[in-house]
Amino acid sequence: MHNPRFSLEVFPPRRTGPVTTIYDTLDGLEGLSPDFISVTYGHGSQADRSATARIAATVAGEYHIPVVAHLTSLYADESSVEETLRAFDRAGVKSVLALRGDPVDGLEPTGVFPHASDLAAYIHGLRPDMILMGACYPECHADCASLEEDVSNLAIKVESGVSRLITQLFYDNDDFYHFMDVCRAHGIDVPVHAGIMPIISEKSVRGMARRGGSHIPARVEALLRKWGDDPDSLRSAGIVYASEQIADLVANGVDGVHLYTMNRPATTRRIWRNVSSLFSVE
Ligand code: FAD
């Protein structure tokens, strides 16, 4: 029986913001029963590197929801990874999303783990019991010349111990279905969660597209044109759009849906209300 997973992503509050905002987010998500919540990891100069473990401990220990901790590799070395893994252990983390991260202006990468697959292989060697996840890109990663080459690199990530993948956001499900065909052709058969990011504002959609997140299809362009200056209506239209994307994905046998909450529980709840009956919650 097809039983797709449903997962959520949150990010730690900014170093300058009140820590309690994460409780507002998690309280707002209560009752959704996701298969897991993943917590992002920041490696910029402003990032608080201990925040992921602290938020993960809250998700696992206080909200009793399985947690996945993100970890980036570009600015890490063996000892910092081992220290972070010890913090993840104390937080009750059993799964890590192994990532490369993006270069930060003025910060020289360590060169120890140039690709996410290097980090995954290192963690897999140290902790064979740790469940490893990885990121993937239905529209091809911005640094890569072709989807074929990107997916060949993705196969290395899977060979390095990654047993579940989560996609970058996309607005056109056909991009996802094509990507899945390419993955299968390269022998990648691990479950793939489709990453869905609700449309929150015109600025965020265009910003993500500029940074290589996703192209903006005509249907989304029409919503932006109609309601770009009317944030409430755009948000409502975005909730309908994301819900329809999810229904289509489930109808077409997706392994899982990963909703980028952007720490906006009200929007997440409205989408969940639309689609919850499509997922069987255990
Ligand atoms: P990689 O898998 O290393 O891929 C990066 C590029 O290198 C690709 O072009 C790939 O084709 C190429 N490549 C990979 N392996 C090889 C190889 N062995 N040989 C040659 N080329 C190779 N960023 C954060 O800072 N914090 C987060 O918490 C975070 N969470 C994310 C969650 C998801 C689901 C996604 C999709 C992205 C997330 N990101 C996060 C962003 C991510 O760090 C960036 O997209 C980054 O540019 C690539 O990371 P990656 O792990 O996919 O890198």
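Is the crossing of α6 and α9 left-handed or right-handed? The crossing of α6 and α9 is right-handed. A crossing counts as right-handed if the near helix is turned clockwise from the far one by less than a right angle, and as left-handed if anticlockwise. The contact here joins Asn 173, Phe 176 and Tyr 177 of α6 to Gln 245, Asp 248 and Leu 249 of α9. Contact means heavy atoms within 4.5 Å. Three of these residues are nonpolar, two are polar and one is charged. Nonpolar covers Ala, Val, Leu, Ile, Met, Phe, Trp, Tyr, Cys and Pro; charged covers Asp, Glu, Lys and Arg; the others, Gly among them, are polar.

This is a predicted model: local features need pLDDT of at least 70, side-chain atom pairs count only at pLDDT 80 or more, and totals for chains, interfaces and linings use all residues. Residues are numbered from 1 along each chain as its sequence is written, and side-chain values use heavy atoms, leaving out hydrogens and water.

Now the geometry. Helix α6 spans residues 173-185 and helix α9 spans residues 231-251. Helices are DSSP runs (H or I, at least four residues), numbered from the N terminus. The two pack at an angle of about 30°, with axes 10 Å apart. Axes are lines fitted to C-alpha atoms over the stretch in contact, and angles run from 0 to 180 degrees between N-to-C directions. α6 and α9 are therefore roughly parallel to each other. That label takes angles under 35 degrees; over 145 is roughly antiparallel, 65 to 115 roughly perpendicular, and the rest oblique.

Helix α9 has another partner. Helix α8 (residues 218-227) packs with α9 at about 165°, their axes 9 Å apart. That makes α8 roughly antiparallel to α9. This crossing of α8 and α9 is right-handed. Among the contact residues are Leu 223 and Trp 227 of α8, and Leu 234 and Tyr 241 of α9. By class, the contact of α8 with α9 has eight nonpolar, one polar and two charged residues.

Follow α8 to α7. Helix α7 (residues 202-210) packs with α8 at about 145°, with axes 10 Å apart. α7 passes α8 in a left-handed crossing. Glu 202, Val 205 and Arg 206 in α7 meet Val 220, Glu 221 and Leu 224 in α8.

A polar side-chain atom of Asp 150 lies 2.5 Å from a ligand oxygen atom. For Tyr 137, a side-chain N or O atom is 2.7 Å from an oxygen atom of the ligand.

How values were computed
A polar contact is a pair of N or O atoms within 3.5 Å; within protein, one must be able to donate a hydrogen and the other to accept it, and residues adjacent in sequence count only if both atoms are side-chain atoms.
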